[in-house]
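I opened this model to go through its packing and its aromatic rings. The entries below follow the order in which I looked things up.

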Amino acid sequence: MEEPQQMTMNASEDFHRNENGWQNSVIIIPALLSGSTLIVVAIILWKSIRSKRDKRKASKDKMKDLDWAVNAAGTYENSLDALDPVLKKKQLPGDWTVEQTEFVCNGHFGPISLAVLCCSAETEDRQHVVLKELSELCSPGEVQDFIDLMKFYVQVCNHASLVTMLWCKTDRRPPCLIMKAMSYGNLLSFLRNSHEGVQAMEAALPRITEKDVYSMASQVASGLEYLSGTHNLAHGYVAACNVLIHEDLSVQLCGLGLAAIQYRTGSIPARRTAQVPLKWQSPEQLKGGDITEKSDVWSFGILLYEMVTLGSPPYPDLEPAQLPSKLQKNYRMERPAQCGHRLFEVMTSCWQWKAPLRPCFTDVVKQLQNASDQADGRTPLTAMDTLSWREYLHVAGIPS
């Protein structure tokens with residue numbers, strides 16, 4: 001009798017266990033399902049809230065950008081109301097139009113393009129020009145800087161050896177200044193395209209001689225003499241890349257942004273000075289000093305080296321970082337093989353360590369004019385290096 005009773009008791013315990021398990025399942029499973037549902041709902045709500053937040057942020061950013069653009073436009077309009085009368089007189093006449101615009105590169109303020117200026121009158125005059133436009137993403141300060149730059153061209157750049165502004169457009173956006181295009185463009189590119197071998201691939205370029213170097217150098221020095229003597233301004237980056245050349249081998253200084261800043265504010269910020277490649281900087285610039293006429297004279301000596309070597313990078317055997325200590329130890333570049341002694345004397349006079357010992361540009365012009373009669377005007381100059389453009393930039397220490 002005990003055995004059946006024991007079996008009954010065991011069965012009863014199993015039933016209670018199963019019943020409890022079933023009851024637990026009835027409680028736990030819905031709880032889990034409810035919890036899962038809550039989690040899913042929470043995730044959906046979180047995503048919805050984040051999406052709305054992101055949209056609000058994007059909307060705020062858009063409004064911020066719009067406000068910024070409106071402020072920039074407002075600054076432009078306010079500046080326009082107070083424009084110098086001379087600048088108003090330089091507005092592009094209504095019967096002239098800008099056509100055949102071809103983008104070249106992005107400049108400090110915005111896109112730079114080549115274009116053709118056409119007159120709708122019966123004369124049908126056409127002129128090749130360079131457009132410098134103000135970027136649509138400009139800040140209010142850059143709007144004012146650009147307008148000040150146009151004023152600088154009108155008020156200061158009145159010399160045959162400085163690039164000049166033909167017209168400007170400030171009555172519509174984007175504002176732009178219009179400059180005469182020089183047929184051969186940048187002097188550095190011209191010099192490097194004059195290398196043997198490149199000549200065969202390019203349109204026939206004139207082969208320049210040492211006498212041509214004297215002529216071009218005298219023009220540049222005359223422009224720098226005008227900047228420093230008449231306006232007490234320095235250029236800040238005298239180099240072949242900042243000279244334009246025409247088909248008659250006349251040249252004009254460009255890259256006048258630093259001079260424009262100095263004209264407006266009385267000085268050139270150190271951060272802008274630091275952007276000049278080291279191999280064109282004078283010793284005092286390398287030590288953080290101010291840019292002056294005498295530092296331009298040092299750089300002019302580097303320009304002479306560029307010209308007579310058909311665009312070779314200066315200090316070809318040195319890394320830019322090695323330059324300051326080497327110069328302090330009186331290291332100077334040797335005379336290029338095709339450079340006459342008198343031209344090299346002008347170079348070395350520009351490379352005096354102490355700035356006061358260097359000639360002023362009035363003296364440089366005289367030196368060049370006195371020595372030009374003895375310069376070789378028959379033998380074309382040849383390239384002193386065979387570097388590719390990428391290699392040139394590396395050796396010269398210019399960011400690509």
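**Aromatic pairs**

I began with phenylalanine 152, which counts as buried because its relative accessibility is 0%, under the 20% cut-off. The model is a predicted one.

I then looked up tyrosine 153, which is buried as well, with a relative accessible area of 4%.

I counted the aromatic pairs and found that the structure holds 7. For phenylalanine 152 and tyrosine 153, I noted ring centres 6.0 Å apart and planes at 65 degrees, so this pair is edge-to-face; the cut-off for that class is over 60 degrees. Ring pairs also bring in Tyr263, which forms a cluster with Phe152 and Tyr153.

I went on to tyrosine 315 and tyrosine 331, an aromatic pair with 6.4 Å from centre to centre and 40 degrees between the planes, listed as tilted. This pair links distant parts of the chain, 16 residues apart. Tyrosine 315 lies in the loop between α10 and α11 (323-328), and tyrosine 331 lies in the loop between α11 and α12. I checked burial for both: tyrosine 315 has 1% relative accessibility and so counts as buried, whereas tyrosine 331, at 26%, counts as partly exposed.

**A charge over a ring**

I looked at tryptophan 167 and found the charged end of lysine 90 over its ring, 5.7 Å from the ring centre.

**Helix α13**

I checked the length of α13 (residues 361-372). At 1.5 Å a residue, its 12 residues should span 16 Å, and the end C-alpha atoms are 16 Å apart, so the two agree.

Which residues of α13 are buried? I listed Phe361, Val364, Val365, Leu368, Ala371 and Ser372. They cover an arc of only 145 degrees around the axis, and therefore lie on the same side of α13.

I then asked what the buried residues of α13 pack against. The partners are α6 (210-231), α10 (293-308) and α12 (341-350).

**Nonpolar cores**

I turned to the largest nonpolar core, which has 90 residues; Leu187 and Phe300 touch the most other members. Leaving out residues up to four places away in sequence, I found phenylalanine 300 touching Phe361, Val364 and Leu368, among others. Its contacts also include Ala217, Val220, Ala221 and Leu224, as well as Val238 and Cys350.

A second, separate core has 10 residues, among them Leu92, Leu117, Leu166 and Cys176.

How values were computed: Residues numbered from 1 in each chain as written. Predicted model: local features only at pLDDT ≥ 70, side-chain atom pairs only at ≥ 80, totals over all residues. Heavy atoms only, no water. Helix = DSSP H or I, 4+ residues; strand = E, 2+ residues; numbered from the N terminus. Expected span 1.5 Å × (residues − 1). Buried < 20%, exposed > 50% of the residue type's maximum accessible area, 1.4 Å probe, protein only. Arc of directions from axis to C-beta. Contact = heavy atoms within 4.5 Å. Core = buried A, V, L, I, M, F, W, Y, C linked by side-chain atoms within 4.5 Å. Phe/Tyr/Trp six-rings, centres within 6.5 Å; stacked < 30°, edge-to-face > 60°. Lys NZ or Arg CZ within 6 Å of the ring centre and 35° of its normal.
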